[in-house]
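Me: I am new to this structure and would like to learn how to read it. Please take one feature at a time.

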Amino acid sequence: MRAALLHAVGDDKLDIRDDFTLTPVGPTDVRVKVKATGVCHSDLSVLTGVLPMPLPVIPGHEGAGEVVEVGDHVTTVKPGDHVIINWTPACGACPNCLVGQPFLCMTYVMESFTLARFRYGGESPAFGMAGCGTWAEEIVVPWQGAIKVDPEVPYEIAALIGCGITTGVGAAVNTAKVRPGSTVAVVGCGGVGLSVIQGARVSGATTILAVDPLESKHALAKKVGATHACTPDKLMEVIGSLTGGRGFDYGFEAVGKSASIMSAWQATRRGGDVIVVGAGAMDDLVPLSAFSLLFEGKNLLSSLYGGSDVRRDFAFFAELWKAGKLDLESMISSRIKLADLNDAVAALRSGEVLRQIVIFD
């Protein structure tokens, strides 16, 4: 089996090899033949160590494929079903699951640091990113990590729903609960930021500002729903022209940097909601004063995986796409092969590409 392996943080190249095997499918596991997987900024964060993972690791978490084998106790899917990979499977029994926050479940996240489901070079163990490792031809995940999807949804579209769309659209729909007629600023126009923009549009926001230093991204941001766009250095000027200096009802941060969190904070009106969506580093501290936190009356919210229950939301977002409410095709920069992953990672580092999708034969 082919896969791309990261041996150590900071390696220049992934080790793309064809001698991988999988551990046997357990009674509650599902084996999936990966058909499409995204090259996401979170994958790059694993390569650089911003998101810590056990090593060696096969990156990839945004994927979709076909079920080829299920454990004896699995009843939710069967061989032949099309599924989206859920990189935060919910156990259903922990305190977070019981209070309706399955996206905060840590049961399988913690297991992914000790359970190596891949072998290479004989018996050398390898881990999968977030327990997945979708930069491989096949993976084994808990049954909660394989969510059935309508087979009419193409695999590359289903893969996007598996992370970027759910994270971004969910941030607007589930976490912020953007109200019709409201104003929204989105800092960062990568795949997640564009998904936030689409979620705000679907929710009925009338003014949606896209903020990104690369002007080349502004046209696509407007195509998928932004009404205005600017670079960060023009933000204060645009706040004045669009809101009379008051600020936006919602400010979304979709980069994962303290500086962009502060930009979202500054863009948001007193009493508005600031939503942190980007995955940042543990040592990148946000310089907010205690005075501002209280007297500006803003609500600082985090949105992990779009605050989603994927059992509900994967199908919901797929239906939005089928109804023409979400433009996911425009968010795919290119379709590539596994052998091209090193070039794809280099392009991702440059910031010029949006979402590349690996298509498996």
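Me: What should I know about the model before going on?

Reply: This is a predicted model, in which local features need pLDDT of at least 70 and side-chain atom pairs count only at pLDDT 80 or more, while totals for chains, interfaces and linings use all residues. Residues are numbered from 1 along each chain as its sequence is written, and side-chain values use heavy atoms, with hydrogens and water left out.

Me: Does K177 count as buried or exposed?

Reply: Buried means under 20% relative accessible area, exposed over 50%, and partly exposed in between (1.4 Å probe, protein chains only). K177 has 56% relative accessibility, so it counts as exposed.

Me: Which other residue has a positive phi although it is not a glycine?

Reply: Y305 has a phi of about 55°. Its place is the loop between strand 17 and helix 10 (310-322). Y305 counts as buried, because its relative accessibility is 2%.

Me: Which peptide bond is cis?

Reply: The bond from L55 to P56 is cis, and its omega is near -5°. P56 belongs to the loop between helix 1 (41-48) and strand 5 (57-58).

Me: How do I read the protein as a whole, and how many helices and strands are there?

Reply: Count the elements, then look at the overall dimensions. The protein has 11 helices and 19 strands. Its radius of gyration is 20 Å, close to the 21 Å that the globule rule gives for 361 residues, so the protein is as compact as a globular protein of that length. The radius is taken over C-alpha atoms, and the rule is 2.2 Å times the number of residues to the power 0.38. Along the principal axes, the C-alpha atoms fill a box of roughly 65 × 40 × 40 Å. Of the 361 residues, 56% count as buried.

Me: How do I read contacts between parts of the chain?

Reply: Contact means heavy atoms within 4.5 Å. Among contacts between residues at least 6 apart in sequence, 71% join residues at least 24 apart. T37, in strand 4 (residues 29-39), gives a case: its C-alpha atom and that of T134 are 97 residues apart along the chain and separated by 6.2 Å. Not counting residues up to four places away in sequence, T37 touches residues including E62, T134, A159 and V358. T37 counts as buried because its relative accessibility is 0%.

Me: Where is D19, and which residues is it in contact with?

Reply: D19 is in the loop between strand 2 (15-17) and strand 3 (21-22). Leaving aside neighbours within four places in sequence, D19 is in contact with M1, R119, Y120 and G121. D19 has 28% relative accessibility, so it counts as partly exposed.

Me: How do I read the cover over a whole helix?

Reply: In helix 8 (residues 258-267), eight of the 10 residues are buried, so the helix is mostly covered. Among the buried ones are S258, I261, M262 and W265. The buried residues of helix 8 pack against elements including helix 7 (235-243), strand 15 (248-253) and helix 9.

Terms used
Helix = DSSP H or I, 4+ residues; strand = E, 2+ residues; numbered from the N terminus.
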